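Okay, thanks everyone, let's get going.

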Amino acid sequence: MSKKNIAILGAGIAGLWQAYTLARAGHGVTLIERSENPFEEASSFYAGAMLAPYAEEEGAEKLIRELGLRGIELWRAHYPDTQFQGSLIVAAARDRRELDRFARMTKGHERVGEKQIAELEPDLAGRFLRGLYFAGEAHVQPLAAMEFLLSAAQQAGAVARFGRDKAPGNADLVIDCRGLAARDELPELRGVRGERLIIRSGEVTFTRPVRLLHPRFPLYVVPWGEELFLIGATQIESDESGPVTVRSALELLSSAYALHPAFGEAEIIEFGSGVRPSFPDNLPRIIVKGGHIHVNGLYRHGFLLAPVLAEMTALYIKDGVTHREVFS
Ligand SMILES: Cc1cc2nc3c(=O)[nH]c(=O)nc-3n(C[C@H](O)[C@H](O)[C@H](O)COP(=O)(O)OP(=O)(O)OC[C@H]3O[C@@H](n4cnc5c(N)ncnc54)[C@H](O)[C@@H]3O)c2cc1C
């Protein structure tokens, strides 16, 4: 295989997986990020980051499940701190229909009752009668995972340049992972804003992501360890990141309180929002324009799909192989 001199634009989760994968494949990789410090302008910083190929099918095409299952395998193979604890979905008794609908829309789950919920998450004992357990799902802590990938890419030979926004002129190939900033070349990209908050509670212990279904205010709580939890996330058609609104904070906090009243005593550590780069059908794309390849539209699934898209890009560079539903 001919080794190429590859520039990757953007050090969000998409660009990091590309840099790591392509450097390991023996290419000369330069990772260019416009922010002065790692991750400070990446929407990836705000992610859950659940690896939930089954549960996400509730609102996504089956392609996301198919690619996502490979994504989980790649996280397992490369990132030792990936948490393989599955995920749990519960609903209040009055929202039983939400749970039934969720079960119909998804695969990979088993129905669990009060006793099994208590076994899985003892702090939820006596709080919910029914739930769905997705044993094959996983999660990572986003900042730790991104730091790992950056360092692993550098160890594999990639050079990272921060505070720059252009590819060097001598690159054979540019992989464009600029997220929403790539709208200058991909006008159909749009932003889907997601707000989330980080809290600290010593009174609740979860070992896996827990989703609380609700017709208007669905919520997930992801345990990050050291008493930290991510509470997320809103989904608003907007290109604006920036401060979290009072309405969103109220909705997220009251849903967390409904999941477990002890969250009422938790300490709020941080509010924040990111904008998920999304195509009109919410599916990811690898768009080849000669020596410029866009990897974008990761929407709600950036952590889940970034390793698979990197694997596909590497295969395309090596053998010209394309995946019919992802490449254009
Ligand atoms: C609240 C929230 C929760 C989420 N939860 C999950 C989840 O649980 N699981 C999951 O899989 N996904 C989740 N996501 C989705 C995931 O975060 C996104 O799909 C992902 O962040 C998109 O990554 P990206 O690398 O394409 O874009 P970004 O992370 O935005 O990275 C793009 C990078 O490009 C840089 N850049 C821009 N222009 C230039 C330039 N000219 N030169 C160099 N660099 C440039 C930017 O500074 C940025 O660092 C969530 C998202 C949000 C907002």
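Quick bookkeeping on residue classes: Ala, Val, Leu, Ile, Met, Phe, Trp, Tyr, Cys and Pro count as nonpolar, Asp, Glu, Lys and Arg as charged, and the others, Gly among them, as polar. This is a predicted model, where local features need pLDDT of at least 70, side-chain atom pairs count only at pLDDT 80 or more, and totals for chains, interfaces and linings use all residues. Residues are numbered from 1 along each chain as its sequence is written.

So, the ligand. Its shell divides into 18 nonpolar, 13 polar and eight charged residues. That's 39 residues around the ligand, with Gly10, Gly12, Gly48, Gly179 and Gly302 the closest; a residue is near a molecule if its C-beta atom, placed from the backbone, lies within 6 Å of it.

Where does the ligand sit? Domain 1 (5-48 + 141-187 + 280-319) and domain 2 (87-135 + 190-278) both contribute to the shell, so the ligand lies between them. Those bounds come from an automatic or database domain assignment. The domain centres, taken over C-alpha atoms, are 29 Å apart. In the contact we have 13 residues from domain 1 and 18 residues from domain 2, counting C-beta atoms, placed from the backbone, within 7 Å.

Last, the sheet: six strands, open, order 8-2-1-9-17-16, mixed pairing. Strands are DSSP runs (E, at least two residues), numbered from the N terminus, and two of them pair if DSSP finds at least two bridges between them. Strand 8 (159-162) and strand 16 (285-289) are the edges. Strands 2 and 8 run parallel, joined by four bridges, and leucine 31 stands opposite alanine 160 in strand 8.

Terms used. Two residues are in contact if their C-beta atoms, placed from the backbone, lie within 7 Å.
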